Amino acid sequence: MASNPLIVSPVAVFGSTRIATAKSCFRRDFHFHFLLRSCFSFRKFSCLTEKTLNYDFDRRLCRDWSNPTFKVSCDLSCFQVKDVSYRPPGTQTNLLNGVNISLPEKSFGLIFGRSGSGKTTLLQLIAGLSKPTSGSIYIQRYGNDGKALQSSEELTAEKVGIVFQFPERYFVADSVLEEVIFGWPRQRGGLQLKELLASKLQKAIISVGMQGIPLDKDPHSLSGGYKRRLALAIQLVQIPDLLILDEPLAGLDWKARADVVKLLKQLKKELTLLVVSHDLKELAPLVDRSWKMEIGGVLNEEPLPAC
């Protein structure tokens, strides 16, 4: 059986989304641990609490961190996919054909359709794991009159966070902290850099509701729902313009599914979300725009079917 050219190995995934090699990042980074100690001002930082973090950052940075949200770079912008087609190298058949998507910021977009139709392939192109054969993927900014303010801006991989199906299978570190900071800059920096990185960690942990989880806990020992929260935190710490998720509810029990849906509802207030899922009924209340992917890689905008 021929191999699928879009099956991505863990090394490829981590290289694109977390920018580090496993060998170098498995080593304990004492410099970054000093960063956390110096910024959080308590001896044992294995368990974060929102009260402690907010007090410490208010005192050190004179800012209000009590509402740790993620801001998109522009008030009026739109994520757009225009006439994108994809043909794997060395093949003669397109997996995607003339795909178009337009999704305003702070909106929830849902792509549904039969397995094997090209949904995950499209997410991988948007995330920058592969390049389209033709077409473009970009961000367009608009004024209050609805007119484009300037030329479009390419959507680079650094601006996209992606959470794959069953993301816990790709965890590589021995603690929650090391999993979140995997691939972070290892160079020495001043207090400003330390505070910036620590504030990103704080906001990500609180935004996914993990402030009560010890940072030295083994991520593989977390429940299914908290593993998904951790996968989201890993992406949110980079503060992406677009967060894409592949089957975020797959393999979870009813309570964990409800928790993830509630979390996505909160993230939608501050981020643009694009999701591929078969779980239409549970996600329907969040959806602003939806598309159906047909076999052959043809995407059509249409409302969700009645459940």
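Guide: Let's start with strand 4 and strand 5, which are joined by 2 bridges and run antiparallel. Keep in mind that this is a predicted model, where local features need pLDDT of at least 70 and side-chain atom pairs count only at pLDDT 80 or more, while totals for chains, interfaces and linings use all residues. Residues are numbered from 1 along each chain as its sequence is written, and side-chain values use heavy atoms, with hydrogens and water left out.

Visitor: What makes strand 4 and strand 5 a pair?

Guide: Two strands pair if DSSP finds at least two bridges between them. Strand 4 and strand 5 have 2 bridges, so they meet that cut-off. In strand 5, Glu154 is the bridge partner of Tyr138.

Visitor: And what counts as a strand or a helix?

Guide: Both are DSSP runs numbered from the N terminus: helices are H or I with at least four residues, strands are E with at least two. By that count the protein chain has 10 helices and 10 strands.

Visitor: Which strands form the open sheet, and in what order?

Guide: The order is 2-1-4-5, with 4 strands and antiparallel pairing. Strand 2 (96–104) and strand 5 (153–154) are called edge strands, as each pairs on one side only. Strand 1, residues 77–86, pairs with strand 2 over 6 bridges, and Phe79 has Leu103 as its bridge partner in strand 2. Strand 1 is also joined to strand 4 (residues 134–141) by 7 bridges, with Val81 opposite Ile137.

Visitor: Why is the pair of Phe164 and Tyr170 called edge-to-face?

Guide: Rings of Phe, Tyr and Trp (its six-membered ring) pair if their centres lie within 6.5 Å; planes under 30 degrees apart count as stacked, over 60 as edge-to-face and the rest as tilted. For Phe164 and Tyr170 the centres are 6.2 Å apart and the planes are at 65°, so the pair is edge-to-face. The structure holds 1 aromatic pair.

Visitor: Is Phe164 buried or exposed?

Guide: Buried means under 20% relative accessible area, exposed over 50%, and partly exposed in between, using a 1.4 Å probe and protein chains only. Phe164 has 11% relative accessibility, so Phe164 counts as buried. Over the whole protein chain of 307 residues, 51% count as buried.

Visitor: What makes a group of residues a nonpolar core?

Guide: The members are buried Ala, Val, Leu, Ile, Met, Phe, Trp, Tyr and Cys residues, joined through side-chain atoms within 4.5 Å. The largest core here has 43 residues, and Phe108, Leu243 and Leu283 touch the most other members. A second, separate core of 28 residues includes Phe79, Leu129, Leu155 and Ile162.

Visitor: Where is Phe112, and what is it in contact with?

Guide: Phe112 is in strand 3, and at 6% relative accessibility Phe112 counts as buried. Contact means heavy atoms within 4.5 Å. Leaving aside neighbours within four places in sequence, the contacts of Phe112 include Lys119, Trp291 and Pro305. Phe112 and Val276 are 164 residues apart in sequence, yet 6.0 Å apart in space, C-alpha to C-alpha.

Visitor: Which residues other than glycine have a positive phi?

Guide: One of them is Lys106, at about 55°, in the loop between strand 2 and strand 3. Lys106 has a relative accessible area of 36%, so Lys106 is partly exposed. Glu247 also has a positive phi, near 50°, and at 8% relative accessible area Glu247 is buried.
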